[in-house]
Amino acid sequence: MVEQMEFVDVEGIMSEIRTQIKERGYTKKDLKFADMNTSAVLGAEDYYDYPNFRATLEQVDGKRYVPWWNPIKGNKVVVFIKRFIRKCVTFLIAPIVDAQNELNQYTASALVQIGAKFEQEQDYDYDEMQKKIEMLEQRIAELEKSVENNR
């Protein structure tokens, strides 16, 4: 059976996207995380909570290693049976857990780097705003002087 391909109007879709971009007032400058309307996507007004994010990063960093071997407790017969089973499945379980630990390591590292970038962006925005405030205060002082001189 031959399937018929459905026509997709790519130009129409791109035209809609461009219209939405113009309506929302986006420019070619890079968008920052704070500029994004996450409430429409995530369904919450205050979804991003930086202190909570940092605490979660610390938990992720502390839990990235998963041991495949844990001490066995119980009576001697149960311990013997569990050790026997563990030795039988070690060649299956150990590589899987090692691969998971490697993934956890990379994921935790990436998340810590993202957190550092957020901190850097927040610091940059703070410094930039501080400079603007100082400039505006200086301008207000100049305007007040010019108003007093014109009286």
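Student: How many helices and strands does the chain contain?

Tutor: The chain contains 4 helices and 0 strands, where helices (H or I, at least four residues) and strands (E, at least two) are DSSP runs numbered from the N terminus. Along the sequence, the pattern reads α-α-α-α. This is a predicted model, in which local features need pLDDT of at least 70 and side-chain atom pairs count only at pLDDT 80 or more, while totals for chains, interfaces and linings use all residues. Residues are numbered from 1 along each chain as its sequence is written, and side-chain values use heavy atoms, with hydrogens and water left out.

Student: What share of the 151 residues is buried?

Tutor: Buried means under 20% relative accessible area, exposed over 50%, and partly exposed in between (1.4 Å probe, protein chains only). Here, buried residues make up 9% of the 151 residues in the chain. The accessible surface, from the Shrake-Rupley method with a 1.4 Å probe, comes to about 13900 Å² for the chain, and 58% of it belongs to carbon and sulfur atoms.

Student: Which side chains meet in a salt bridge?

Tutor: Side chains of opposite charge can pair when their charged atoms come close. A salt bridge is a side-chain nitrogen of Lys or Arg within 4 Å of a carboxyl oxygen of Asp or Glu. By this rule the count is 1 salt bridge, in which R64 meets D61 at 2.7 Å, N to O. R64 is partly exposed at 27% relative accessible area, and D61 is partly exposed at 33%.

Student: Is N101 buried or exposed?

Tutor: N101 counts as buried, at 11% relative accessibility. Its place is in helix α4, residues 76–150. Contact means heavy atoms within 4.5 Å; leaving aside residues up to four places away in sequence, N101 touches R64, Y65 and V66. For the chain, 70% of the contacts with a separation of 6 or more are between residues 24 or more positions apart.

Student: Which residues make the nonpolar surface patch?

Tutor: Patches are made of residues with over 30% relative accessible area and no salt bridge; like charges are joined within 9 Å, and nonpolar side chains (Val, Leu, Ile, Met, Phe, Trp, Tyr) within 5 Å. The patch here covers about 1100 Å² and is made by W68, W69, V77, F80, I81, F84, I85, V89, F91, L92 and I93. L92 lies in helix α4 and is partly exposed, at 47% relative accessible area.

Student: Where is P71 placed?

Tutor: P71 is in the loop between α3 (50–62) and α4, and is exposed at 58% relative accessible area. P71 and R83 are 12 residues apart in sequence and 9.7 Å apart in space, C-alpha to C-alpha.
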